[in-house]
Amino acid sequence: MAKKDEATLPEQKAGFNPNSFIQETKEELDKVVWPSRQQLISESIAVILMVTLSATLIYLVDQFFQWAQIKVFG
């Protein structure tokens, strides 16, 4: 048996409203804190450096295992 004071779900809007979507998207983009040009450049350089170092390390480990495989199974 259902209780009378039971919470009911709020009504949901039917369909997609493009105007509302665009308005809400603009409001959310206004809240974004964009990085300064200097911060963007320095962080991009840091990412490129880390990717390069990681790729180099993976390459060196791969070359080592390739060398070891030739020596063992040769």
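This is a predicted model: local features need pLDDT of at least 70, side-chain atom pairs count only at pLDDT 80 or more; totals for chains, interfaces and linings use all residues.
Trainee: Where do I start? How many helices and strands does the protein chain have?

Mentor: Start with secondary structure. Here the protein chain has two helices and zero strands. Helix α2 covers residues 37-73.

Trainee: Next, burial. What share of the residues counts as buried?

Mentor: Buried means under 20% relative accessible area. In this chain of 74 residues, 0% count as buried.

Trainee: And the surface as a whole? How much of the accessible surface belongs to carbon and sulfur atoms?

Mentor: The total comes to about 7,900 Å². Carbon and sulfur atoms hold 64% of that accessible surface.

Trainee: Which residues make the nonpolar surface patch?

Mentor: A residue needs over 30% relative accessible area to join a patch. Here Ile41, Ile45, Leu49, Met50 and Leu53 make one of about 490 Å². Take Ile41, which lies in helix α2. Its relative accessible area is 41%, so Ile41 is partly exposed.

Trainee: Now charges. How many salt bridges does the structure hold?

Mentor: Look for a side-chain nitrogen of Lys or Arg within 4 Å of a carboxyl oxygen of Asp or Glu. The structure holds one such salt bridge. The side chains of Glu28 and Lys31 form it, at 3.2 Å from N to O.

Trainee: Are those two residues buried, partly exposed or exposed?

Mentor: Take each in turn. Glu28 has a relative accessible area of 47%, so Glu28 is partly exposed. Lys31 is at 59% relative accessibility, so Lys31 counts as exposed. The cut-off for exposed is over 50%.

Note on methods: Residues are numbered from 1 along each chain as its sequence is written. Side-chain values use heavy atoms; hydrogens and water are left out. Helices (H or I, at least four residues) and strands (E, at least two) are DSSP runs, numbered from the N terminus. Buried means under 20% relative accessible area, exposed over 50%, partly exposed in between (1.4 Å probe, protein chains only). Accessible areas come from the Shrake-Rupley method with a 1.4 Å probe; for residues, only the protein chains shown count as cover. Patches are made of residues with over 30% relative accessible area and no salt bridge: like charges are joined within 9 Å, nonpolar side chains (Val, Leu, Ile, Met, Phe, Trp, Tyr) within 5 Å.
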